[in-house]
Amino acid sequence: MFLASIIGSIAAVFLKAGAGRLHRNVSSLIFNVHLYTGVALYLLSSLFFLKGIKHGELSILYPMTSLSYVWAFVWSRMFFAEHLNKQKMVGLAMIMSGVAFLFAGTR
């Protein structure tokens with residue numbers, strides 16, 4: 001699930017980059033490698049997701065997909081220079097603490 005969240009967040013980066021290259025012509029869609037890469041990475045992350053939920057508890061593993069928001073924040077800072085503010089930091093802390101509480105409850 002952890003790997004699925006990382007790959008899924010990287011897929012979002014490629015989709016955003018591809019969306020920025022879209023114009024009002026069809027060729028910008030047909031020849032947009034970034035969009036195709038993003039979709040392919042989402043499919044790959046789905047395979048890891050399926051493998052994870054097949055062998056684990058859905059109530060524990062599914063919330064781990066929220067870690068993709070944490071990774072997406074990291075990538076958005078690195079690749080798109082998106083702004084960091086207090087609300088985003090609080091939201092990220094809440095996601096990470098929620099996942100930590102879920103794992104603590106499994107022991």
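The model is predicted: local features need pLDDT of at least 70, side-chain atom pairs count only at pLDDT 80 or more, and totals for chains, interfaces and linings use all residues. Numbering starts from 1 along each chain as its sequence is written, and side-chain values use heavy atoms, with hydrogens and water left out.

**Largest pocket**

- The largest pocket holds about 180 Å³ of space. (A pocket is an open set of points on a 1 Å grid over the protein atoms alone, where a 1.4 Å probe fits, with protein on both sides within 12 Å along at least five of seven lines; lining residues have an atom within 4 Å of a point.)
- Its lining includes A4, G8, Y42, F49, T65 and A72.
- At least two lining residues come from each of α1 (2-20), α3 (33-55) and α5 (67-80). (Helices are DSSP runs of H or I, at least four residues, numbered from the N terminus.)
- α1 contributes the most, five residues.
- The lining has five nonpolar, seven polar and no charged residues. (Ala, Val, Leu, Ile, Met, Phe, Trp, Tyr, Cys and Pro count as nonpolar; Asp, Glu, Lys and Arg as charged; the others, Gly among them, as polar.)

**α1 against α3**

- The α1 and α3 axes come within 7 Å and cross at roughly 165 degrees. (Axes are lines fitted to C-alpha atoms over the stretch in contact; angles run from 0 to 180 degrees between N-to-C directions.)
- α1 is therefore roughly antiparallel to α3 (angles over 145 degrees).
- Contact residues (heavy atoms within 4.5 Å) include I7, F14 and L15 of α1 and L35, L41 and F48 of α3.
- That contact divides into 17 nonpolar, six polar and no charged residues.

Conventions:
Points joined across faces, edges and corners; volume = space filled by probe spheres on them. Parallel < 35°, antiparallel > 145°, perpendicular 65-115°, else oblique.
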